[in-house]
Amino acid sequence: MRAQMTGLDSGRAGGSLTREVIGWFIPATLAHSRTNGGLARIFVETHLLGAAAGLLMIGRLALLVPRFDFALLALAAMILGLGSLPFRLRRTADMALVTLLSFQLLLLVSLVGTFEFGGFASPFLSWLPVSLLSGLFYQSRRVGLIVGLFAGSVALFFAILLWRGQPEL
């Protein structure tokens with residue numbers, strides 16, 4: 001006789017499929033470590049869901065922009081790059097490299113999106129502190145590197161802003 005599943009059990013069954021899908025991206029060398037396995041799981045989840053949310057935002061912007069815009073296409077490519085990082089993690093098993101790439105890509109998306117779409121009223125501006133916090137979270141042993149890259153990128157952004165001026169909306 002088959003036992004009936006309670007709501008709690010069925011939730012766990014659905015969660016195990018998600019766990020298996022997320023687990024597929026995590027190399028065995030990382031999965032065996034409690035700390036690295038947990039970080040890798042968070043990394044994969046946030047990058048798959050974050051890329052989907054970012055592409056939805058790009059789709060909404062594409063409906064609002066009256067003409068073809070190269071910046072929008074570049075942002076879409078960068079967001080797809082963020083979504084592809086779990087695949088790179090699976091292939092390389094190098095959390096340090098993949099999370100540094102993630103930090104730089106998210107920072108670049110934020111700065112380019114802010115420059116091209118709305119300036120300081122841009123929806124991409126909120127991604128700026130997220131990129132810094134993400135970099136500090138995943139690269140906690142390289143705080144100087146993360147803060148230096150962040151400060152240098154923001155300084156370059158303001159230099160370009162002063163040199164080119166803010167684009168017309």
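How do the axes of helix H4 and H5 cross, and within what distance do they come? Select H4 (residues 70-92) and H5 (residues 95-116), and you will find that their axes come within 10 Å and cross at roughly 170 degrees, where axes are lines fitted to C-alpha atoms, for helices over the stretch in contact, and angles run from 0 to 180 degrees between N-to-C directions. That makes H4 roughly antiparallel to H5, in a scheme where angles under 35 degrees count as roughly parallel, over 145 as roughly antiparallel, 65 to 115 as roughly perpendicular and the rest as oblique.

Before going further, keep in mind that this is a predicted model, in which local features need pLDDT of at least 70 and side-chain atom pairs count only at pLDDT 80 or more, while totals for chains, interfaces and linings use all residues. Residues are numbered from 1 along each chain as its sequence is written, and side-chain values use heavy atoms, with hydrogens and water left out.

**The whole chain**

Of the 169 residues of the chain, 36% count as buried, where buried means under 20% relative accessible area, exposed over 50%, and partly exposed in between, with a 1.4 Å probe and protein chains only. Among contacts in the chain with a separation of 6 or more, 66% come from residues 24 or more positions apart, contact meaning heavy atoms within 4.5 Å.

**Back to H4 and H5**

With these two helices still selected, display side chains: the residues of H4 that meet H5 include Leu75, Ile79, Leu82, Leu85 and Leu89, and their counterparts in H5 include Val98, Leu101, Ser102, Leu105 and Val109. By class, the contact of H4 with H5 has 15 nonpolar, 4 polar and 2 charged residues; here Ala, Val, Leu, Ile, Met, Phe, Trp, Tyr, Cys and Pro count as nonpolar, Asp, Glu, Lys and Arg as charged, and the others, Gly among them, as polar.

Next, pick serine 102, which is found in helix H5 and counts as buried at 1% relative accessibility. Its side chain is joined to that of histidine 47 by a polar contact of 2.5 Å, a polar contact being a pair of N or O atoms within 3.5 Å, of which, within protein, one must be able to donate a hydrogen and the other to accept it, and for which residues adjacent in sequence count only if both atoms are side-chain atoms. Leaving aside residues up to four places away in sequence, serine 102 touches Phe43, His47, Leu82, Leu85 and Ser134.

Which residues does proline 27 touch, not counting residues up to four places away in sequence? Select it in the loop between helix H1 (7-24) and helix H2 (28-31), and the residues that proline 27 touches are Leu89, Arg90 and Ala93. Proline 27 is buried, with a relative accessible area of 11%. Its C-alpha atom is separated by 8.3 Å from that of threonine 92, 65 residues apart along the chain, and by 9.4 Å from that of aspartate 94, 67 residues apart.

**H6 and its two partners**

Now select H6 (residues 127-138) together with H7 (residues 143-164), whose axes come within 9 Å and cross at roughly 160 degrees; H6 and H7 are therefore roughly antiparallel to each other. Leu128, Ser131, Leu132, Gly135 and Leu136 in H6 meet Val143, Ile146, Val147, Phe150 and Val154 in H7, a contact with 8 nonpolar, 2 polar and no charged residues.

Definitions and conventions:
Helix = DSSP H or I, 4+ residues; strand = E, 2+ residues; numbered from the N terminus.
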